[in-house]
Number of protein chains: 2
Amino acid sequence: MTIHEVKTIQKEGMMLEANMPDGKIVLDVPESEGGSGKGMKPKQLMLAAMEGCTAMDVVSLLKKMKIDYSYFEVKAKAVLSEEHPRHYTEVKLQYIFKGDNLKKEKIERAVELSFDKYCGVIYMFKQFAKVEYVIEYMN
Amino acid sequence: MTIHEVKTIQKEGMMLEANMPDGKIVLDVPESEGGSGKGMKPKQLMLAAMEGCTAMDVVSLLKKMKIDYSYFEVKAKAVLSEEHPRHYTEVKLQYIFKGDNLKKEKIERAVELSFDKYCGVIYMFKQFAKVEYVIEYMN
């Protein structure tokens, strides 16, 4: 059985320190909500989790397929519900690639495999939100 | 409509940089899986998100209730599924308080309000995992 453990400690006011096995993250709320505005917002970490999870799948698959590219990023735009508890209701992922003579068919296959089959974070998001993606190519 | 945007860029190999509005996080996989082992693991960010979200609720509620304590942390232990896509199936949250003459009834009410009503990340987790909590007091 695989178990993940994370611990978050209150530092001062709304400022918190999340202790992960591989590093620390400072969390806080904006000054307008009584925080220092110098920490990250908890919910947005979920978007970073999703991007990281699917990007690692895609990098790994494209390496196995021996597909070259010069740049790769994943962007997420997520809509937060107005009603409480506020949660993400829709997420649009953009997979952006740069490079010469990109093998688009292989790239699309790699993204599709991550999106439909491999990425556990996308799988979790699909249980509460509408998740969609597009692939974009830049020179 | 509230929209959150996060962007993750591939740096080198499996090492990624997640760009949040309030900071950056380096993500990577362990050396055994072909990474540097110097970055955080994407899925674990979801646990930090959950702890941060509920801890902020509790801090804010206890402040409103004028409840004193000297230390507060939230720990998560999460079970990852063996089948793919690997996702969290169970999460146990521990809310740990230290202090003299803690007002346990008020603390329990604050945690319950966050767990049942206010915390959007817990709400999202409940859509795919069994989530439970305990409260512990230390001197």
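**A two-chain predicted model, seen from Glu73(A)**

Glu73(A) has a relative accessible area of 6% and is therefore buried (buried means under 20% relative accessible area, exposed over 50%, partly exposed in between, with a 1.4 Å probe and protein chains only). This is a predicted model, in which local features need pLDDT of at least 70 and side-chain atom pairs count only at pLDDT 80 or more, while totals for chains, interfaces and linings use all residues. Residues are numbered from 1 along each chain as its sequence is written, chains are lettered from A and ligands numbered from 1 in the order in which they are written, and side-chain values use heavy atoms, with hydrogens and water left out.

Glu73(A) lies in strand E4 of chain A; helices (H or I, at least four residues) and strands (E, at least two) are DSSP runs, numbered from the N terminus. What surrounds Glu73(A), leaving aside its neighbours within four places in sequence? Gln94(A), Tyr95(A) and Ile96(A) are in contact with Glu73(A), and so are Lys7(B), Thr8(B) and Ile9(B) of the other chain (contact means heavy atoms within 4.5 Å). The side chain of Glu73(A) also makes a polar contact of 2.5 Å with the side chain of Tyr71(A). A polar contact is a pair of N or O atoms within 3.5 Å; within protein, one must be able to donate a hydrogen and the other to accept it, and residues adjacent in sequence count only if both atoms are side-chain atoms.

Strand pairing carries the description across to chain B. E4(A) pairs with strand E1 (residues 2–12) of chain B in the antiparallel sense, over eight bridges (two strands pair if DSSP finds at least two bridges between them). In E1(B), Ile9(B) stands opposite Glu73(A).

The interface as a whole comes next. In all, 67 residues of chain A are in contact with 67 residues of chain B. The size of an interface is often given as the accessible area lost when the parts come together. Chain A and chain B bury about 6100 Å² between them, with 68% of it on carbon and sulfur atoms; buried area is the accessible area (1.4 Å probe) that two parts lose on being put together, summed over both.

Lys41(B) and Asp22(A) meet through their side chains in a salt bridge, at 2.8 Å from N to O. Elements that give two or more residues to the side of chain A that touches chain B include strand E1 (2–12), strand E4 (71–80) and helix H1 (42–64) of chain A. H1(A) provides the largest share of that side, 15 residues.

Within chain B, strand E4 (residues 71–80) and E5(B) run antiparallel and are joined by 10 bridges. Leu80(B) stands opposite Tyr88(B) in E5(B). E5(B) also pairs with strand E6 (residues 130–138) of chain B, in the parallel sense over nine bridges. There, Tyr133(B) in E6(B) is the bridge partner of Leu93(B).

Gln94(B) is found in strand E5 (residues 88–98) of chain B, and Gln94(B) counts as buried because its relative accessibility is 15%. The side chains of Gln94(B) and Glu136(B) are joined by a polar contact of 3.1 Å. Not counting residues up to four places away in sequence, Gln94(B) touches Glu73(B), Val74(B), Lys75(B), Lys77(B), Val134(B) and Glu136(B).

Terms used: A salt bridge is a side-chain nitrogen of Lys or Arg within 4 Å of a carboxyl oxygen of Asp or Glu.
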